[in-house]
Amino acid sequence: MEFTIAQVAQLLGGEVKGPADQKVSRLAKIEEGTQGAISFLSNLKYEHYLYTTAASAVIVSKGFEPKKAYTPTLIVVDNAYTAFTRLLEVYHNALSFRKSGIEEPVHRGQDTEIGEGVYLGAFASIGDHCRIGKNVKIYSQVYIGDNVVIGDNTILYSGVKVYDNCRIGANCTLHANAVIGSDGFGFAPQTDGSYKSIPQLGNVVLEDYVSIGANTTIDCATMPEDSTIIREGAKLDNLIQIAHNVEIGRHTVMAAQSGVSGSCKIGDYCMIGGQVGISGHLHLADHTIITAQSGISKSIEKPGTILSGSPAAENRENLKSQVLVRRLPELEKRVRELEKILKELSLPANSIQ
Amino acid sequence: MEFTIAQVAQLLGGEVKGPADQKVSRLAKIEEGTQGAISFLSNLKYEHYLYTTAASAVIVSKGFEPKKAYTPTLIVVDNAYTAFTRLLEVYHNALSFRKSGIEEPVHRGQDTEIGEGVYLGAFASIGDHCRIGKNVKIYSQVYIGDNVVIGDNTILYSGVKVYDNCRIGANCTLHANAVIGSDGFGFAPQTDGSYKSIPQLGNVVLEDYVSIGANTTIDCATMPEDSTIIREGAKLDNLIQIAHNVEIGRHTVMAAQSGVSGSCKIGDYCMIGGQVGISGHLHLADHTIITAQSGISKSIEKPGTILSGSPAAENRENLKSQVLVRRLPELEKRVRELEKILKELSLPANSIQ
Amino acid sequence: MEFTIAQVAQLLGGEVKGPADQKVSRLAKIEEGTQGAISFLSNLKYEHYLYTTAASAVIVSKGFEPKKAYTPTLIVVDNAYTAFTRLLEVYHNALSFRKSGIEEPVHRGQDTEIGEGVYLGAFASIGDHCRIGKNVKIYSQVYIGDNVVIGDNTILYSGVKVYDNCRIGANCTLHANAVIGSDGFGFAPQTDGSYKSIPQLGNVVLEDYVSIGANTTIDCATMPEDSTIIREGAKLDNLIQIAHNVEIGRHTVMAAQSGVSGSCKIGDYCMIGGQVGISGHLHLADHTIITAQSGISKSIEKPGTILSGSPAAENRENLKSQVLVRRLPELEKRVRELEKILKELSLPANSIQ
């Protein structure tokens, strides 16, 4: 992939300052820019690199005024960071969507429809009665059970496993070895103290623009025709556990290794840190923020609540307690001091009586 | 699958109240029941749905007396919930066990015996000298190493990996991408401060009726002829880590993302919450209960102990401490108050002398 | 595999005390030794087994003097444990490296070079423009993307997934279902409160002698030509999350289920316990030690620092606080007692005035 600086500027709707016909073929950080590379300057902490970089072009934001001589051509845009992200995206899509066609052998079940432009990697397996949309990329060794529906442009990286009856929206990304639709952890205690598995017969629904991290697991709902649901635009990082009958709201983001217990309903636009645990049957309001390693054991009704700690409390309360936990040796010493003073003090007090 | 209400009642040993010849083909929650569906009423909180549901049949417990008019046929059983679970199970088994035969290509090593009724999904790989029991379901892309034994009726979902020499009992379920028999984490420190891997040559044994969640990992024992053992009926959820030489007792259940360090011996009938960590070489008595996110660093000798916190203590002690942690700002204020009073008080006291 | 005791002694550079021509074919713990087995005695707690074991040979350390009659032949070496580990290693390598050749079908892309002695398990898939070194073992259902380089003698167990452009050194071991190079968790907030994925275009570099546990995930760097790096000799256990742009130092070991957030730089020779979380953009000095379940939110400059707790503090400080947390009910009682005394005491004090 090689473009002129003028072509890149046109794509970004930017204005060129300097020679526009030079070829660029790579993206690079400004401190690592070499000839043929295009870079960007957003954080002015890095401004000094502009005067030494060998990058051929640098994207800058409107209003930026260089203070010294520099060699790259500048592309002036509204927001340099956003514009550069746009380039990354063009580059990424060019890579992702170059895959197409079928690498035999693959396994395709009966009555399964596969859309135009689909990529099927070697040793992928698709069950019966599936509907696979246009331009879906199914990498090598992906498994798709029976009666599965996948929307257009969705990417399933190598080793993703989708159980029977699940529904995956359009423009989703599922990273390697993610598991969608495994049996929930439901067991009925028996009179002898052992447990019997409760069959799990529901499915998982991922709406559009959902992102699922590598090795993340999402259990199916218990009852037939019920669903564990990940709503539109939600982003789940790696190694996350979503239990049966959970609902994750729209545009909620969850960092790695967090776990949500059965039947929770997490609101829209929530931000959940890494290694967070959420107990079963809770409801969290929209815009709830949970810091890393917190343990949530109560529902949250007020939107925008910030929680931390295990067990969690409102972040400000938790921070106050945590500071005092660190100062407990000092507090204990103060109490000891008081006891000592009081012991001494009580002697003359008693002698008065 | 379509049955008459009479057939369902017969299967459940229940008594029919109402028309018995109607056909039912689906299971549904009572609030979502439509014609052709069979539902159940166990928790009387949902009783009002009985009077509005369009389900064709509703399973109720003996002694239940409707208070209003209703349309479904009733099937009266000893315990409505248990009976419905039985239906779920029948339905689930009908789905799971419908798979059979071999979807070529599969890889089969030398001297490997495969029982009757086995399902081998496409791209499954089985090594040399294995013994696979009757009716075992090996889904697509499962890997089974050499010298592996698998008992009758066990299900290995897509992407499960079983290392050489492991033994898996009958009637087990292993969910997608679970790993059985990976090398334990053993390293011998070298004089230069680096580490050398200690080879791990033992195996993993899963007894009968064991359930292993998606993406859970169970390491093999260190020494040849030693085993990491998961005893009969134990249920492990998703993303759990079981280290080398661990033994998990009979009918113990562990929730998602918990980890057990090397050489631990966990008793029978224990209940371990999500995201729990257990340090190495500990013994936990039978019926130990551990709440979510706890960190266990001491052995437990008394059966039925309930633990919580990190580091964990007996649950009641931990709860008392946790309540006081939340009230630390208040306690600190009380101490400050005492210091103030004592300072004031000590002045006249001194003036007396 | 069968050897004489003399042959084993020669391999270990040890001296034989007793008959040297007997055959040994198995390794066993001294308490489980039977005829034909070779065992070792390192911890003298186990010395009594020497006098009862039926093992054919026992490895002992120089200077050890038996106190009673015993039957096995002794092999005297500098360090019995190290010598036995050496035998385990020989045994392990004999097993691991016996695999060779290609189990068809496999998928090989264009312009991909495969070294001598490589094992390719059934249904493995290797992309275009890859360079696979000598004696590399690629088990069944491994996926290797495009432009991947793998050094000599590296083992990738079944189900490992390596994304495009990653570089894996020589003598590495990657356990089943590990994921190398998945997209980092980077999202740009949009004006409507939703998030847009920031394309991740860098790669992952594993240097030589790196060990990666089962189901562990390592995200690629964000920028093209940037890398997430695991340095030489580092050992990562199962179910670990390494985020984008992280660097893990040489010979650092991390226990299971720990997570490192984006752009962290962990020093050399660090020891990180299980279920530890490390916040983004931190630097940890060499030889940092972190106990299990800790949460690290600050950089550590002093080498050899020991950290514990969540949020973490220096281990000694944290232990002091933790002890006092457990004693909070007692401390609260002491404060209550003081309040009571002071209340009583203040009455006569007031009456004096």
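A polar contact is a pair of N or O atoms within 3.5 Å; within protein, one must be able to donate a hydrogen and the other to accept it. Keep that in mind for the views below, which all come from a predicted model.

**View 1. Polar contacts link chain C and chain A.** Across the interface of these two chains, 29 residue pairs are in polar contact, both residues having pLDDT 80 or more. On the side of chain C that touches chain A, the residues divide into 34 nonpolar, 26 polar and 11 charged.

**View 2. Salt bridges cross the interface of chain C and chain A.** The rule finds 6 salt bridges here. In one salt bridge, the side chain of C:Arg334 meets that of A:Glu339, at 2.9 Å from N to O.

**View 3. Strands and helices of chain C face chain A.** At least two residues each come from β21 (179–182), β23 (195–197), β26 (217–219), α4 (315–326) and α5 (328–352) of chain C. Of the side of chain C that touches chain A, α5(C) gives the most, with 10 residues.

**View 4. Here is the area buried between chain C and chain A.** Together the two chains bury about 5,100 Å², with 62% of it on carbon and sulfur atoms. Look for C:Phe185, C:Tyr195 and C:Met223: they supply 13% of the area that chain C buries against chain A, more than any other three residues. In terms of contact, 71 residues of chain C meet 62 residues of chain A.

**View 5. Chain C can be laid on chain A.** A turn of 120 degrees and a shift of 0.0 Å along the axis do this with an RMSD of 0.1 Å. The two copies are therefore related as by a three-fold rotation axis.

Notes: Residues numbered from 1 in each chain as written. Chains lettered and ligands numbered in written order. Predicted model: local features only at pLDDT ≥ 70, side-chain atom pairs only at ≥ 80, totals over all residues. Heavy atoms only, no water. Least-squares fit on C-alpha atoms with pLDDT ≥ 70 in both. Contact = heavy atoms within 4.5 Å. Buried area = accessible area lost by both parts, 1.4 Å probe. Salt bridge = Lys/Arg side-chain N within 4 Å of Asp/Glu carboxyl O. Polar contact = N/O pair within 3.5 Å; in protein donor to acceptor, adjacent residues only side chain to side chain. Helix = DSSP H or I, 4+ residues; strand = E, 2+ residues; numbered from the N terminus. Nonpolar A, V, L, I, M, F, W, Y, C, P; charged D, E, K, R; others polar.
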